[in-house]
Amino acid sequence: MESSSEGVARVGDGGVVEDPAHTEASTPEAVVPGAVVQEAVAPEAVATAVAATAPASLSPSRAGDFMQCPLLYRFRVIDRLPEKPSPAATKGTLVHAVLERLFDAPAAERTAPRAKSLIPGQWDRLRETRPEVVELFADDPEGERLAGWLVEAERLVERWFTLEDPTRLEPAERELFVEAELDSGLRLRGIIDRVDVAPTGEVRIVDYKTGKAPRPEYAEGALFQMKFYALVVWRLKNVVPRRLQLVYLGSGDVLTYDPVLADLERVERKLLALWEAIRLATQTGEWRPRPTKLCGWCDHQAHCPEFGGTPPPYPLPVTLPVRAAESEGGAQGRMGPG
């Protein structure tokens, strides 16, 4: 779908990357969600390093965290434990920045050589804005690993040109921060990589992934994020996006899905149920770990009971559910008319 220059919605300020394809790190939901890797601090200082706040909104990444492991959600959103940058996630951030900046050039100049030429400058900018990424190559004094890592980024950028033709695209929005409040009061927010709007008004939401496309049986999980964004756009503009498109640079695949209103209504119901579970866990302090194969990549094993660790002291007030309070102290009954 070719695009016009008309935007879809801008409700806030962008500037940070929200998706795991950019980076696996996270920030609390009370702040604009994004991939910000915090400077490491001693575990015993975590409780006082950042004031804890209850979650106020939900993004696709944090929804995914809770579905993957409630305790992981707590570590990231409530405790705000620091996470180290990873080469793969940082590479994703770099590639996303290059693809965003390429559209600053006139259409005819959006070529693969030009895109690759942007990589050194965007890497310098990334190091300036997030100095912690420098530690990725601290043990690489000769720069050999860094050079190979940058070549891998170049290959991902080159592959994009086999999947889309940027000379025929004029995105309506890039790195678009969107936020919508549902009737329930739940705020949904996120950052969309690219929004295309056709001359006929049809909207396409595009997301770049630097990994490989999932197997067909896992495609629905991959589309959850895109349906989340489609729900927000629908709530903001009363327009159901015509197409959701995932561009997998790691494998050279493009996954598309054309949503209907019923899809978005189902996602909304799912998010409301998820948010209710998050609210209950926040109030009671009950955040249970959910062990999976992904635990091997988790930065928080030292705090996880599944690995013999102890979570930090829960920094928020705990309110027992009514039934639990009654079972501990006896049913109190209710005041009523005599």
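Q: Is R266 buried, partly exposed or exposed, and what is the relative accessible area of R266?

A: Buried means under 20% relative accessible area and exposed over 50%, with partly exposed in between (1.4 Å probe, protein chains only). R266 has a relative accessible area of 44% and is therefore partly exposed. The model is predicted: local features need pLDDT of at least 70 and side-chain atom pairs count only at pLDDT 80 or more, while totals for chains, interfaces and linings use all residues. Residues are numbered from 1 along each chain as its sequence is written, and side-chain values use heavy atoms, with hydrogens and water left out.

Q: With which residue does R266 form a salt bridge?

A: Side chains of opposite charge can pair when their charged atoms come close. A salt bridge is a side-chain nitrogen of Lys or Arg within 4 Å of a carboxyl oxygen of Asp or Glu. The partner of R266 is D263, with the closest N and O atoms 2.5 Å apart. D263 is buried, at 5% relative accessibility. Both residues lie in helix α9, three residues apart, about one turn of the helix; helices are DSSP runs (H or I, at least four residues), numbered from the N terminus.

Q: Which parts does the pair of E268 and R235 tie together?

A: The closest N and O atoms of this salt bridge are 2.8 Å apart. E268 lies in helix α9 (residues 261-284) and R235 in helix α8 (residues 219-237), so the pair ties together parts that are 33 residues apart in sequence. E268 is buried at 11%, whereas R235 is partly exposed at 33%.

Q: How many salt bridges does the structure hold?

A: There are 28; one network links R62, D65, R76 and E83.

Technical notes:
Helix = DSSP H or I, 4+ residues; strand = E, 2+ residues; numbered from the N terminus.
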